[in-house]
Amino acid sequence: MSGTAVPRLVIAAPSSGAGKTTVATGLMAAFAEAGLTVSPHKVGPDYIDPGYHALATGRPGRNLDAYLCGPERIAPLFLHGAAGADLALVEGVMGLFDGASGMGELASTAQVAKVLRAPVVLVVDASSQSRSVAALVHGFASWDPEVRLAGVILNKVGSDRHEELLRDAMGSSGVPVLGVLRRTGQARTPSRHLGLVPVAERRAEAVESVAELAARVREGCDLTALLALARNVPELPAGAWDPAAEIGAVAAAPIATPPAGRPAGAASAGRPLIAVAGGAAFTFSYAEHAELLTAAGANVVPFDPLHDERLPPGTRGLVIGGGFPEVYAPDLSANAPLRTAVAELAASGAPVTAECAGLLYLARSLDGKPMCGVLPADARMTERLTLGYREAVALQDNALAVAGTRVRGHEFHRTALEPGAGPSPAWGVTHPARAVEGYVTGGVHASYLHVHWAAEPSLAVRLVDCAARRGPAALAGGGR
């Protein structure tokens with residue numbers, strides 16, 4: 001079979017809470033345990049579900065977000081992630097037709113399914129209905145003729161009699177029932193203020209949870225029919241996304257202006273080492289970021305701010321992504337040697353980029369606990385959820401972007417930073433409301449905004465270029 005006709009299914013639902021993650025993760029694990037190479041994908045900007053997908057399949061969980069990356073990149077990114085796979089499973093976001101607010105179908109599961117020419121399996125919470133389930137499915141099947149609703153999995157079914165009533169109702173719908181999952185025996189997938197607890201924070205328990213999900217799906221779903229459905233797909237009229245080609249296209253464009261105070265001479269010999277924060281406190285990242293950094297010429301090395309007292313030896317640049325630093329504030333604060341190393345690296349002028357959790361880590365304090373002190377700001381947990389897509393523009397040249405660079409991003413947190421922007425803000429937010437946000441100081445770029453670099457690979461090129469041009473330096477805690 002052609003690489004552009006990889007077998008694929010989209011797992012969707014009428015709304016959030018119906019059980020998409022339960023079914024999608026269980027299917028991924030069940031097919032992987034059956035010996036298939038499964039490629040996991042998630043619609044939207046979610047960072048947590050892909051961690052469970054990766055655990056279930058042994059491959060990186062990848063996001064497909066048409067708002068952040070553009071609809072034209074969905075199929076190429078999918079094919080890149082699914083290379084060499086026997087089956088690709090895509091977990092949807094929210095309800096099947098729910099997308100970016102006020103923008104029609106943009107970034108919806110339905111749009112991604114249409115772009116991928118993939119059959120959709122609808123997971124329906126049947127706990128409070130019987131015959132009405134057929135009317136609901138009929139509505140979803142007929143709403144958009146371009147969406148191929150090819151099957152239903154009934155979730156939270158109460159009894160044999162309940163299942164009989166549901167199957168009888170669905171018999172005349174024209175949409176086959178491909179699985180029934182009972183209300184009992186829910187797998188242990190604990191949640192907190194931003195969704196499921198990430199795999200990195202509960203790996204042993206997460207392994208058990210995924211195994212339970214696989215067992216439930218094997219028992220309740222027709223895996224043979226689902227696999228046959230997945231294999232009945234056309235080729236995609238696209239080529240796979242290639243990080244090296246993306247970087248090459250940026251390199252062929254006019255050279256961007258180096259940040260103020262940063263020399264434009266030849267890059268230092270060798271591949272600059274860029275350290276990337278990970279571990280339980282910093283779990284939010286897109287797999288394509290490390291691939292782009294590597295393609296741009298960096299040696300990407302992970303480290304764990306909870307446990308590592310030094311940055312990787314020879315660090316010339318630093319990436320600190322999102323996560324849950326508020327949960328680990330006491331432990332992050334207790335690791336004073338690393339906080340000092342990060343502060344000294346930033347003071348040396350090395351490029352440092354931080355998103356959301358990384359922004360808080362660079363602040364003076366978080367919930368009263370000392371952090372790195374790179375930024376003149378203090379952070380705290382709040383009851384208010386800040387959530388949504390953003391459009392923004394770089395307001396001045398910095399280590400990540402040239403002034404005028406326009407990006408689409410996503411904000412997702414329950415914290416507040418005071419002040420929220422420095423004298424030189426990272427971004428000017430142009431949608432949904434005009435504001436300035438984040439900090440640019442020296443080589444530091446820190447912001448609440450999560451940006452997918454596949455949409456703007458020049459960010460990776462610029463970061464690596466800044467790290468290479470900086471030249472070797474004796475960094476406290478970094479090269480000793």
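Q: Hi! Where is the place of Asp367?
A: In this predicted model, Asp367 sits in the loop that links strand S14 (365–366) to strand S15 (369–370).

Q: And what is its phi?
A: Phi of Asp367 is near 50°, which is a positive value in a residue other than glycine. As background, most residues other than glycine have a negative phi.

Q: Is Asp367 buried or partly exposed?
A: Asp367 is partly exposed, because its relative accessible area is 35%, and buried would need a value under 20%.

Q: What about Arg117, what does its phi look like?
A: Arg117 also isn't a glycine, and its phi is positive, about 50°. You'll find Arg117 in the loop between helix H5 (109–116) and strand S5 (120–125). With 42% relative accessibility, Arg117 counts as partly exposed.

Q: Let's zoom out. How many helices and strands does the protein have?
A: There are 15 helices and 22 strands in its secondary structure.

Q: How does the radius of gyration fit a compact globule?
A: It agrees: for 480 residues a compact globule would come out near 23 Å, and the protein has 23 Å. The C-alpha trace spans about 70 × 45 × 45 Å along its principal axes.

Q: What share of the residues count as buried?
A: Of the 480 residues, 57% count as buried. As for the surface, the protein exposes about 18,200 Å², with carbon and sulfur atoms supplying 53% of that.

Q: Which residues touch the most other members in the largest nonpolar core?
A: Leu27, Phe31, Phe78, Leu116 and Trp453 do, in a core of 109 residues. Helix H1 (residues 20–33) gives this core its largest share, seven residues. Apart from it lies another core, made of 41 residues, including Ala277, Leu306, Leu318 and Ile320.

Q: Back to Leu27, what is it in contact with?
A: If you leave aside neighbours within four places in sequence, Leu27 contacts Ile11, Leu89, Ile153, Val217, Leu223 and Leu226. On contacts across the protein, 76% of those between residues at least 6 apart in sequence join residues at least 24 apart.

Q: Switching to helix H2, how many of its residues are buried?
A: Seven of the nine residues in H2 (residues 49–57) are buried, and the helix is mostly covered. The buried ones are Asp49, Pro50, Tyr52, His53, Leu55, Ala56 and Thr57.

Q: What follows H2?
A: Gly58 does, and its phi is positive, near 80°.

Q: Which residues does a cis peptide bond join?
A: One joins Glu418 and Pro419, with omega about -5°. Pro419 belongs to the loop between S17 and S18. Another cis peptide bond joins His431 and Pro432, where omega is about 10°. Pro432 is in the loop between S18 and strand S19 (435–437). In general, most peptide bonds are trans.

Q: And where does Pro425 lie?
A: Pro425 is in the loop between strand S17 (406–418) and strand S18 (427–431). Its relative accessibility is 10%, so Pro425 counts as buried.

Q: What does Pro425 touch?
A: Not counting residues up to four places away in sequence, Pro425 touches Leu395, Gln396, Val436, Glu437, Gly438 and Val440.

Q: Last one: what separates the C-alpha atoms of Pro425 and Ala206?
A: A distance of 39 Å, for two residues that are 219 residues apart along the chain.

Notes. Residues are numbered from 1 along each chain as its sequence is written. This is a predicted model: local features need pLDDT of at least 70, side-chain atom pairs count only at pLDDT 80 or more; totals for chains, interfaces and linings use all residues. Side-chain values use heavy atoms; hydrogens and water are left out. Buried means under 20% relative accessible area, exposed over 50%, partly exposed in between (1.4 Å probe, protein chains only). Helices (H or I, at least four residues) and strands (E, at least two) are DSSP runs, numbered from the N terminus. The radius of gyration is taken over C-alpha atoms; the globule rule is 2.2 Å times the number of residues to the power 0.38. Contact means heavy atoms within 4.5 Å. Accessible areas come from the Shrake-Rupley method with a 1.4 Å probe; for residues, only the protein chains shown count as cover. A nonpolar core is a set of buried Ala, Val, Leu, Ile, Met, Phe, Trp, Tyr and Cys residues joined through side-chain atoms within 4.5 Å.
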